[in-house]
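Subject: Structure handover

Hello,

Here is the structure for you to take over. My notes on what was found follow below it.

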Amino acid sequence: DVGGGSPAGTVNQLVTFDFNGETFLVRLMKGLPEGITWDGSALNLNTYPAAQGIYSEYEDFVYPIVGPTPLRQHLVTVDFVDARNMMPSASYNDRNGYGMWCQEALNTNGLVRGNPAYDRGAHTRDTLQVANPRAKTVNSPWVPIVEYVGRVGETFVLPKTAK
C-alpha cells in the first residue's frame, strides 16, 4: 500500500521496518480514545460519557495543526494548516466517501474521523469532530503512524490493528 486514498480494508497495518537498530510499525491512527470499543455507530465524542477526559490519536495529531479549534482539543495549537490539505472537501452532496481513515473497524465498516466541508468550503469545528462509520471499500485519505515497537532482534508482539 502506498498510502493516500486507499480503502481501510487494504491498508496493511502489520508492516514493520528497521532503522538504526530499532524496529517500527506503520499503521493507521486510532480514532477513538484508549479503552473505548467501537460498536460500529456514529459517535459524538463531545457528549459521549466514556470519552470525557481521554483523547484519541486523531485528536492529538490533527487538532493542534488545523485552524478551527474543536471542543476536545487539549494540546496547544502549533500551526494553522488548511484541513483541506489533509481531508479533501467535496462538492455539495458528494461528501459521503471522505474523512480520514482510523484504525477501528467492525465487519464491513471502518471508522472515519472528519467530514468534508459543504461545497468545497473550509473546514469548521463541526466537520473535524465527526466520527462516522464508512464502508471499507470507500477511498479516503489516511495518515501513517510510525510506532516504535522494539530493538532489532528482540521479540515483540505487534499491537492489535483493524482487520
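In these notes, buried means under 20% relative accessible area, exposed means over 50%, and partly exposed is anything in between. Phe17, with a relative accessible area of 32%, is therefore partly exposed. Please keep in mind throughout that this is a predicted model.

Overall layout

The chain has two helices and six strands, and along the sequence they follow the pattern β-β-α-β-β-α-β-β. Of the 163 residues in the chain, 41% are buried.

β1 and β2 form a hairpin with two residues between them. Asn20, in the turn, has a positive phi of about 50 degrees. The two strands pair in the antiparallel sense over five bridges. On its other listed pairing, β2 is joined to strand β6 (residues 145-151) by six bridges, and these strands also run antiparallel. Val26 has Val146 as its bridge partner in β6. Strand β2 (residues 22-27) is largely enclosed by the rest of the structure, because five of its six residues are buried.

Aromatic residues

The structure holds three aromatic pairs. Phe17 and Phe24 form a stacked one, at 5.5 Å centre to centre with 20 degrees between the planes. Phe24 is also the bridge partner of Phe17 in β2. Phe24 counts as buried because its relative accessibility is 18%. Another pair, Tyr58 with Tyr63, is edge-to-face, at 5.7 Å centre to centre and 80 degrees between the planes. Tyr58 is buried at 0% relative accessible area, and Tyr63 counts as buried at 0% relative accessibility. Ring pairs also link Phe17, Phe24 and Tyr148 into a cluster.

Phe17 has a part in the surface as well: together with Phe19 and Val146 it forms a nonpolar patch with about 290 Å² of accessible area. Phe19 belongs to strand β1 (residues 15-19) and counts as exposed, at 51% relative accessibility.

Salt bridges

The count comes to five salt bridges. In one of them the side chains of Arg151 and Glu22 meet at 2.4 Å, N to O. This pair links distant parts of the chain, with Arg151 in strand β6 and Glu22 in strand β2, 129 residues apart. Arg151 counts as partly exposed at 40% relative accessibility, whereas Glu22 is buried, with a relative accessible area of 18%.

Glu147 forms a salt bridge with Arg27, and the closest N and O atoms are 2.4 Å apart. Glu147 counts as partly exposed at 23% relative accessibility, while Arg27 is buried at 4% relative accessible area.

A further salt bridge joins Glu59 and Arg113, with the closest N and O atoms 3.7 Å apart. Glu59 lies in helix α1 (residues 57-62) and Arg113 in strand β4 (residues 109-113), so the pair ties together parts that are 54 residues apart in sequence. Both Glu59 and Arg113 are buried. Salt bridges that share partners join Arg27, Glu57 and Glu147 into one network.

A polar contact

Gln103 is in strand β3 (residues 100-106) and is buried, with a relative accessible area of 9%. A polar atom of the Gln103 side chain lies 3.3 Å from the backbone oxygen of Leu28.

Regards

Conventions. Residues numbered from 1 in each chain as written. Predicted model: local features only at pLDDT ≥ 70, side-chain atom pairs only at ≥ 80, totals over all residues. Heavy atoms only, no water. Patch = residues over 30% accessible without salt bridge, like charges linked within 9 Å, V, L, I, M, F, W, Y side chains within 5 Å. Areas by Shrake-Rupley, 256 points an atom, 1.4 Å probe, with all protein chains shown as cover. Salt bridge = Lys/Arg side-chain N within 4 Å of Asp/Glu carboxyl O. Helix = DSSP H or I, 4+ residues; strand = E, 2+ residues; numbered from the N terminus. Buried < 20%, exposed > 50% of the residue type's maximum accessible area, 1.4 Å probe, protein only. Polar contact = N/O pair within 3.5 Å; in protein donor to acceptor, adjacent residues only side chain to side chain. Pairing = 2+ DSSP bridges. Phe/Tyr/Trp six-rings, centres within 6.5 Å; stacked < 30°, edge-to-face > 60°.
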